[in-house]
Amino acid sequence: MDAIVIRDLRVEALIGIHRRERHVPQTVSVDLEIGVPGSAVFTSDKVADTIDYEQVALKIRALATSRHFRLVETFADRIASLLMDDLGAPWVKVSAAKVGILANAKFVGVTIERRRPG
């Protein structure tokens, strides 16, 4: 299972269930494992045969600023859908965590995995 890995991608998002969280952006740390969509890239050495991690980062930043998310779970699920539907990943593992939101914890978040059926 070959994967593209991105760790600690920081984005600002309106996220949370409390009133202040609807107006004050928070830092969310995103960790990704993205399935490589085939083996062609290993012989071609062309970005067209894989998933461009710069595009991944840009799309996640755009998603983060697109609306208010009530739950980190929802944000992580939308990232997974974006990676699979828009960029063609066969499977993904997405961790998203609010940084510094809980006393005595570095971050609080969720990890989800999604795979194409079949």
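A residue counts as buried when its relative accessible area is under 20%. In this predicted model, Glu21 is buried because its relative accessible area is 3%, which falls under 20%.

**Glu21 and its surroundings**

Glu21 is placed in the loop that runs between strand 1 (3-15) and strand 2. Its side chain reaches the backbone nitrogen of Ile17 at 2.9 Å, and the side chain of Glu21 also makes a polar contact with the side chain of Gln26 at 3.2 Å. Leaving aside residues up to four places away in sequence, Glu21 touches Leu14, Ile15 and Gly16, together with Gln26, His68, Lys98 and Ile101.

**Two buried strand residues**

Ser29 belongs to strand 2 (residues 26-35), and its relative accessibility of 12% means that Ser29 counts as buried. The side chain of Ser29 is in polar contact with that of Asp8, at 2.5 Å.

Between the C-alpha atoms of Val110 and Phe42, which are 68 residues apart along the chain, the separation is 32 Å.

| Side chain | Partner | Distance |
|---|---|---|
| Glu21 | side chain of Gln26 | 3.2 Å |
| Ser29 | side chain of Asp8 | 2.5 Å |

**The packing of helix 2 and helix 3**

Helix 2 (residues 53-64) packs with helix 3 (residues 72-86) at an angle of about 140 degrees, and their axes are 11 Å apart. Angles over 145 degrees would count as roughly antiparallel and those from 65 to 115 as roughly perpendicular, so helix 2 and helix 3 are oblique to each other. The crossing of these two helices is right-handed. On the side of helix 2, the residues that meet helix 3 are Val56, Lys59, Ile60, Leu63 and Ala64, while helix 3 contributes Phe75, Arg78, Ile79, Leu82, Leu83 and Asp86. By residue class, this contact of helix 2 with helix 3 is made up of eight nonpolar, no polar and three charged residues.

Notes: Residues are numbered from 1 along each chain as its sequence is written. This is a predicted model: local features need pLDDT of at least 70, side-chain atom pairs count only at pLDDT 80 or more; totals for chains, interfaces and linings use all residues. Side-chain values use heavy atoms; hydrogens and water are left out. Helices (H or I, at least four residues) and strands (E, at least two) are DSSP runs, numbered from the N terminus. Buried means under 20% relative accessible area, exposed over 50%, partly exposed in between (1.4 Å probe, protein chains only). A polar contact is a pair of N or O atoms within 3.5 Å; within protein, one must be able to donate a hydrogen and the other to accept it, and residues adjacent in sequence count only if both atoms are side-chain atoms. Axes are lines fitted to C-alpha atoms, for helices over the stretch in contact, and angles run from 0 to 180 degrees between N-to-C directions. Angles under 35 degrees count as roughly parallel, over 145 as roughly antiparallel, 65 to 115 as roughly perpendicular and the rest as oblique. A crossing is left-handed if the near helix is turned anticlockwise from the far one by less than a right angle, and right-handed if clockwise. Contact means heavy atoms within 4.5 Å. Ala, Val, Leu, Ile, Met, Phe, Trp, Tyr, Cys and Pro count as nonpolar, Asp, Glu, Lys and Arg as charged, and the others, Gly among them, as polar.
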